[in-house]
Amino acid sequence: KLAHGAPKYDFVHAGNGPVVEANGYRSLLHLLGCCLHQLLSALQAWNRERTGLLYTPGDHLTVLTAYCRALQGLELMLHYAVMLMEANPTPRLHCDDEMSQGLKRVLFGEYICRDVFYGQCLGLQYSPSLRRVLKMIAFSMASYKNFYREAQEETTWGSLFRGVWRGSKLWQSPSLIGKQLDELTQHSSPSFARAFWSLPEQESLRASTLKLMSHSVDVSCTLEIPGDSIVI
């Protein structure tokens, strides 16, 4: 039902222009398909490795549990999305009706399993290369949260080591990263966001990040293109 009604909410340009096949309902359906694909991949990996010598059932169980929780949350979100579509049958994404506003709050509120989507299932709708970038950002933000908290309370070597120790435990625990980010989205202050996103602007960190992300190169030849017009 949601897939059948979603095209009514696509954006149409003025003057019978081209239709942009994109809206929130389509995004939810795409997210559901990606979640099912990732869950199937996790089951296939479990089936391949369960007879191996280095098989670790706990790791596979953690991954499968996370995707099942994400699927459960998506099921509830799709249910309320259908209710929202029925309450707002006209092709308008925004409605002032009290019931629609209440359903929007429910849809984007309690049933999304934020700790799962911020942790084990982070970026499941994107390509693997982009997921690695998102996971690195999530790990950095969760780790910096410990540094920031210790620095606010006490700026000593002991607080620094405690922050490093807590941050190191996050590296092998996506679920713990998800819980940290869920807490950040609920209770973080604007000062923390400014402090974290200003880190790449520091000259020392910028130079070290470039060395980690790419190899150093030397400029052997400089080509200068004149400003005169040319004919090809």
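Visitor: Where does R131 sit?

Guide: R131 is placed in helix 6. Helices are DSSP runs of H or I with at least four residues, strands are runs of E with at least two, and both are numbered from the N terminus. Between R131 and C121 there are 10 residues in sequence and 9.5 Å in space, C-alpha to C-alpha.

Visitor: What kind of model is this, and how are its residues numbered?

Guide: This is a predicted model, in which local features need pLDDT of at least 70 and side-chain atom pairs count only at pLDDT 80 or more, while totals for chains, interfaces and linings use all residues. Residues are numbered from 1 along each chain as its sequence is written, and side-chain values use heavy atoms, with hydrogens and water left out.

Visitor: What is the mean pLDDT of the protein chain?

Guide: The mean is 76, and 72% of the residues reach 70 or more. pLDDT is the predictor's confidence in each residue, from 0 to 100.

Visitor: And where in the protein chain is confidence lowest, and where highest?

Guide: It is lowest in helix 10 (residues 203-213), with a mean of 58, and highest in helix 2 (residues 24-49), with 90.

Visitor: How many helices and strands are there?

Guide: The protein chain has 10 helices and two strands. Their order from the N terminus is α-β-β-α-α-α-α-α-α-α-α-α. Of the 232 residues in the protein chain, 31% are buried.

Visitor: Turning to charges, how many salt bridges are counted?

Guide: The count is three, where a salt bridge is a side-chain nitrogen of Lys or Arg within 4 Å of a carboxyl oxygen of Asp or Glu. One of them joins the side chains of K1 and E86 at 2.3 Å, N to O. This pair links distant parts of the chain, 85 residues apart: K1 is in the segment before helix 1 (2-5), and E86 is in helix 3 (residues 57-87).

Visitor: How accessible are those two, K1 and E86?

Guide: K1 is exposed, with a relative accessible area of 66%, whereas E86 is partly exposed at 45%.

Visitor: Which residue does R26 meet in a salt bridge?

Guide: The side chain of R26 meets that of D10 at 2.9 Å, N to O. R26 belongs to helix 2 and D10 to the loop between helix 1 and strand 1 (11-12), so the bridge ties together parts 16 residues apart in sequence. D10 is buried at 10% relative accessibility, while R26 is partly exposed at 27%.

Visitor: What about D115 and R69?

Guide: Their side chains also meet in a salt bridge, at 3.1 Å, N to O. D115 lies in helix 5 (residues 114-118) and R69 in helix 3, so the parts tied together are 46 residues apart in sequence. D115 is buried, with a relative accessible area of 17%; R69, at 34%, is partly exposed.

Visitor: One last topic: which residues of helix 8 are buried?

Guide: The buried residues are I177, G178, Q180, L181, D182 and L184. Helix 8 (residues 174-187) has 14 residues and spans 20 Å from its first C-alpha to its last, close to the 20 Å expected at 1.5 Å a residue. The expected span is 1.5 Å times one less than the number of residues.

Technical notes. Buried < 20%, exposed > 50% of the residue type's maximum accessible area, 1.4 Å probe, protein only.
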